[in-house]
Amino acid sequence: MTRFAELAERYGTPLYVYDLDQVVAARDSLFAALPEGFELFYALKANPHPDVVGVLREGPGRTCRAEISSTGELHAALATGHRAQDCLYTGPGKTDAELDEAIGRGVRLFSVESPSDLRHVGAAAARAGAVAQCLLRVNSPTAHASTGIRMTGRPSQFGIDGETLADVLPELIRAPGTRIVGAHFYTMSNATDEENLLAEYGHVAELAAGLERDLGLPLDLLDLGGGFAAPYAVPGARTPYPKLRAELARILDRSLPRWRSGSPRLACESGRYLVAESGYLVSRVVNIKVGRGSRFVVLDAGINALGGLSGLGRLLPVAVTLDRPEQATEAEQAAEAEQATEPGTLAGPLCTPGDTLGRNVDLPPLHVGDLVTIPNVGAYGLTASLLAFLGRPAPGEVTVRGGEVVSASRLEHRRTYLAAVGR
């Protein structure tokens with residue numbers, strides 16, 4: 001019996017399994033790929049499971065700070081030992097209520113997306129008798145990378161348009177309740193090509209240096225963003241960046257020559273790269289239907305369990321691996337490997353035709369009752385899914401470390417009734 005089969009027998013399926021050793025390995029790998037002295041923010045949106053968030057803050061010199069965009073994520077960060085003053089609060093739609101709570105809990109660092117967002121944060125800070133330290137998120141009008149998912153250079157709710165900064169910066173610097181301390185860029189996502197990632201970081205460093213030099217933008221902290229790539233719901237390993245450390249240091253020496261002495265402090269952020277490879281979704285085949293020339297393999301996990309990027313149709317198809325008993329002989333394994341894969345539709349159990357994880361995907365020979373595993377779903381898995389749709393229970397979540405179970409839990413849906421909001 002495999003480790004996944006043992007866990008499925010103990011806790012049922014569908015079941016997420018997060019290997020915390022792999023989270024630590026990814027964190028250490030990313031710190032090693034960055035120049036010495038870089039700070040690293042973990043984007044809780046990727047996976048807010050408390051064991052995952054907690055393990056990322058372990059270890060001297062390699063502690064990830066929390067990047068959050070809701071009070072729910074703030075609660076998750078604080079519950080796992082992160083300090084409020086170390087969190088970076090981001091997002092384009094911060095409400096009065098969540099700003100009041102975040103500032104009241106001690107959050108002081110915010111990324112602001114527009115002049116109105118800055119004033120909004122400042123007003124909340126003033127109500128609390130505090131000063132919010134703000135990074136201006138800049139939407140650069142140009143980009144240098146040619147691959148990856150583009151995040152700048154087009155109209156967006158994210159970031160202040162770079163070409164307008166000369167006109168608005170004097171007003172922003174005077175915004176009550178705030179102190180601008182630097183800039184925040186997030187120009188691309190999932191950069192599988194290292195040259196393109198370096199080109200984008202070079203562009204960002206030059207742009208930040210120019211904003212400081214020409215416009216007087218305070219630059220105590222520069223967040224270069226992320227872009228680090230890892231596969232989603234298909235086999236594979238996170239992208240290596242062997243040249244990043246040395247080449248990025250050269251870029252910074254050229255554009256920001258005082259960076260080695262901490263002026264500015266430098267940071268990157270990541271979600272997917274840090275946790276994707278740690279996660280597996282274990283599911284069971286509950287039905288197989290063949291009709292009108294098509295084959296449908298129905299799992300007990302659908303878009304309610306893996307409904308994030310896959311369920312939205314953005315990253316199809318997923319891939320499944322048949323959970324083979326570890327005691328299978330080499331001959332049995334070879335015979336199974338020689339069996340041809342069959343194309344089919346990988347569907348979930350929900351009563352909707354939209355519950356499809358992959359169409360026309362190559363599937364191993366499967367039978368009702370087989371246990372299958374979807375790899376690389378430690379990021380944008382369970383909490384990015386349609387959890388409440390059709391009222392099915394959420395999958396279980398198990399964390400393991402050193403081969404031992406750390407925790408086993410399940411998110412529960414519960415309705416609470418609201419009191420009227422006074423005006």
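Strand S4 (residues 88-89) runs parallel to strand S5 and pairs with it over two bridges; pairing here requires that DSSP find at least two bridges between two strands. Within this pair, Leu-88 stands opposite Leu-109 in S5. Strands are DSSP runs of E with at least two residues, helices are runs of H or I with at least four, and both are numbered from the N terminus. This is a predicted model, in which local features need pLDDT of at least 70 and side-chain atom pairs count only at pLDDT 80 or more, whereas totals for chains, interfaces and linings use all residues. Residues are numbered from 1 along each chain as its sequence is written, and side-chain values use heavy atoms, with hydrogens and water left out.

In strand S5 (residues 109-112), Leu-109 and Ser-111 point one way, Phe-110 and Val-112 point the other way, and all are buried. Buried means under 20% relative accessible area, with exposed being over 50% and partly exposed in between, for a 1.4 Å probe and protein chains only.

The helices may be taken next. Two packed helices are described by the angle between their axes and the distance between the axes. Axes are lines fitted to C-alpha atoms, for helices over the stretch in contact, and angles run from 0 to 180 degrees between N-to-C directions. The axes of H4 (residues 71-79) and H5 come within 10 Å and cross at roughly 20°. H4 and H5 are therefore roughly parallel to each other, a label for angles under 35 degrees; over 145 is roughly antiparallel, 65 to 115 roughly perpendicular, and the rest oblique. Thr-71, Leu-74, His-75 and Leu-78 of H4 meet Glu-98, Glu-101, Ala-102 and Arg-105 of H5 in this contact, where contact means heavy atoms within 4.5 Å. These residues comprise three nonpolar, two polar and three charged. Ala, Val, Leu, Ile, Met, Phe, Trp, Tyr, Cys and Pro count as nonpolar, Asp, Glu, Lys and Arg as charged, and the others, Gly among them, as polar.

H5 (residues 96-105) also meets H6 (residues 115-127), their axes coming within 9 Å and crossing at roughly 50°. That angle makes H5 oblique to H6. Asp-96, Leu-99, Asp-100 and Ile-103 of H5 make the contact with His-120, Val-121, Ala-124, Ala-125 and Arg-127 of H6. Five of the residues in the contact of H5 with H6 are nonpolar, one is polar and three are charged.

Elsewhere, Thr-356 lies in strand S17 (residues 356-363). Thr-356 counts as buried because its relative accessibility is 9%. Thr-356 and Ile-303 are 53 residues apart in sequence, and their C-alpha atoms are 7.0 Å apart in space.
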